[in-house]
Amino acid sequence: MLYEDVYRGVDVRYYGTQRKLEYDFIVAAGADASQIRLRFEGAEARLDAKGNLLLRTSEGRDLTFDAPVSYREGPNGREAVASSYRLHADGSVSIRLGAYDKSRELVIDPVLSSASYFGEAGTETGVDVAVDAAGKVYVTGSTNSTGGVLGTVLGGLFGTTTVDTYVAKFNADLSALEWTARVGGDGEDRPTAIAVDAAGSAVVTGWTRSTDFATSGAADTSRSGTQDAFVYRLDAAGTGVAFATYFGDANNGETGNGIALDASGNIYVTGIASGASGGGTDAFVARYGPGGALQLQFKYGGGNDDTGNDIAVDGAGDMYVVGNTKGGSPAMLGGHQTGRAGGAEGFLARFTASGTLVYGTFIGGDEDDTAVAVAVDGNGRAYVVGQTEKSDDSGFQLTTGAWNTHRIGGFTGYLRIYDTDLTGAASLVYSTLVGGNGPNDDPIGVALRGDVVVVLTNAASPGFAVTTDALKATHSPGTLHVAAINPGGAGAGDLVWGSYYGNGVTGGGLAVSGLSIYVAGSTGANGLATTGAADTTRSGQDAIVGRLTLLNDPPVLTGFNGPTMLEDLPGNGFSVLSLITGKLTDTNVGAVLGVAITGSTSVGGTGTTRSTAAPTGSRSVRPPRAPPCC
C-alpha cells in the first residue's frame, strides 16, 4: 500500500513479507529526505557500531533494522546512495544521506534481517535448511553435545554414543527456537539433507553406522554393511519419529545425499550405493510413501564411481537427479551432451514416476566436473549447479548473454538451466559461470523464486559480483556468496542481487520462501548472530542460520478502463479481479499473491482509487499507477 505525501514529496510504501510489515520511503525528485522522522512507541532506540538501528521493546525483546539501503535509478540501473540512521535527543530517528542527484527519485529501504546460532558446548554442524508452508525454518546437522536442548535423544528410542543427527525448528524471523529433535543410534550418524511437508513434518536423509537406528516395521530394519543410508520422518510437533529406515545392501558405504517431497507426502531420496557391476558405486533413487513404505528403488550408473548428489520432483512425480560419474557410461537419452567430453563429468537425469529415463545429459568439459544441486519449475526445466575445472580451455559451454563469463584455470562454479522437454543442443537454455577471480569457488545450493534463480556458493576467492545494496561487499576467509539471477541473457545485467555473507562459515544449505532467503552452515566465528535472535552467543563450533531479503519487481497493469464504482462485496460495481484480468504482466513469473492499493483520495464523498496487482511482499521502486477509476 502506498501513502502519498506523508511528507512533502515523500511517499511511504508498506508491504508484507513472511507475515512482517516492512516499508520503503520514496523521495520524489527535488524533495527533501531530511523531513523523514521515525518514532517507535513502546520501544527504546539506539544505534550500534555498524549503524544498525536497535529497538528494545517494553517486553525486553530486541529488533534489528539494518542500516538503510538507498538507491536511485540511473542509466546503468540502480545507483547506491550513502545513507545512515541518525538518533535524536527526543528519541526520534532520521535518515542521513550522502550527496546525490536530487533531480531523480530516491528509494530508502530499511531492511530487517536476522541470523541465529544453534549449538551447545560440543560441535554442531548446519548442513541443510528447509521452510514449511507457514514460513517456519528447519535446520539439520550433526551434534556430539551432551547437554542443553541436545541432551536427550528423541523419545528415548535410540542409544547415543558419538555423533547424532538433529533437527531444529525456528520461527520465520529466527527469533525463537520452537523445538529440537535429536535422532541417533549406537554408532555415528550424519545427516546430509532435509525437506519438510505442508504440515510441518520434516524428513531427513544421510548415513549411519548404528545398528539400532530403524523403527519397528520400517522398510529395512537391519543395517546391511558397515554403513547404510537412512531416511526418517519426524511428526509435526517434533516429539516423535514417525518412521526411520535403513537403505543399503551387504556392501559398505551407502549414503543418502538428497531428499525431496511431493504434494502427497511421498519421499524421494538419492545417494550412493556400493556394489556396482564394475566394482565402484552407482547412484540410487528410492521413493517411500508418507508412512515409510518403500514404493520404488533403482540404481543408475555406468559401472564405475557414480554418485547421486541431489533430487527434485515435479508435479507429475517425475524425478530429476544430479550427480557425478567417473569412467563409466551411464545411459543418456535425448540430452544436450550424450557423450563424455573427458575426465569426471556431472550428470542430470530425469525419470518418470515409474523410474523410466526420459532425459539424460552429461555436464562438463574435457576436465573434471560435478553436479551437486538441482531445482525444478513446473515447465520441465531443471536448474543445476556444480563445479567445472579449467573453464579457460576445457570447452565448457556458456550461452550467449551469460551472467558471468570469466573463465579461470582452476575449479569454478556454474549454473545451468536445461529444458528437459526438449532434446539435444536446444535443451541447454542457459549456462553461466558462478565464481570470483580465483579457483575453488563451490556452489552448494540452488532455489527458485518465480523467474529468479538463487545460488549459494562457498566463496573461496574474491571478485564475485555484488550489487549496490549488498549486505557485505567484500570477501573474507570463510565467506558465502548469494546471487539472485534473472537468466534473461543480458550478461552482467542478469544479476538482480549479489552479496557476500558471513565469515568463518562453511555453507550447508539454501532455502527460499516468499521474499526470504535462508542459508545454513557451520561456524566457529563470533559476531554472526543478530540482536534478538534465538541464540546470539556461539557455544562451540555451532550451526548458523541466516535470513536475507530478496527483491521483487512490481507487475505492470495496462489497459485499465475506469469503472464508475469499486465494491468489496458483489453488487453493481466492479471487482478488482475483473479490472486486472488479461491486463497484468509480471517479470517475476508465478501466481499473483495479492492486490496492492497504491493510492486513494476522497473528495466530496466520492472515492478515487488507483490499484495494481502485486505479489504480497513485493519490494520495488514506486509501482506504476493506473488512471483514476471514477
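## Cores, a strand pair and a loop residue

In this predicted model, the largest nonpolar core has 21 residues, and those with the most contacts inside it are Val454, Val482, Leu510, Ile517 and Val519. A nonpolar core is here a set of buried Ala, Val, Leu, Ile, Met, Phe, Trp, Tyr and Cys residues joined through side-chain atoms within 4.5 Å, where buried means under 20% relative accessible area, with a 1.4 Å probe and protein chains only.

| Strand | Residues |
|---|---|
| S12 | 114-118 |
| S34 | 452-459 |
| S35 | 479-485 |
| S36 | 495-501 |
| S37 | 505-513 |
| S38 | 516-523 |
| S39 | 542-549 |

Apart from this core lies another, of 20 residues, including Val183 and Tyr246.

Strand S5 (residues 53-57) is largely enclosed by the rest of the structure, because 4 of its 5 residues are buried. Strand S4 (residues 43-47) pairs with S5 in the antiparallel sense over 5 bridges, pairing requiring at least two DSSP bridges, and Leu53 in S5 is the bridge partner of Leu47.

Thr352 lies in the loop between strand S27 (345-351) and strand S28 (357-363) and counts as buried at 18% relative accessibility. Its side chain joins that of Ser354 in a polar contact of 3.0 Å. Thr352 and Asp318 are 34 residues apart in sequence, yet their C-alpha atoms are 4.4 Å apart in space.

Residues are numbered from 1 along each chain as its sequence is written. Local features need pLDDT of at least 70 and side-chain atom pairs pLDDT 80 or more, whereas totals for chains, interfaces and linings use all residues, and side-chain values use heavy atoms, leaving out hydrogens and water.

Key:
Helix = DSSP H or I, 4+ residues; strand = E, 2+ residues; numbered from the N terminus. Buried < 20%, exposed > 50% of the residue type's maximum accessible area, 1.4 Å probe, protein only. Polar contact = N/O pair within 3.5 Å; in protein donor to acceptor, adjacent residues only side chain to side chain.
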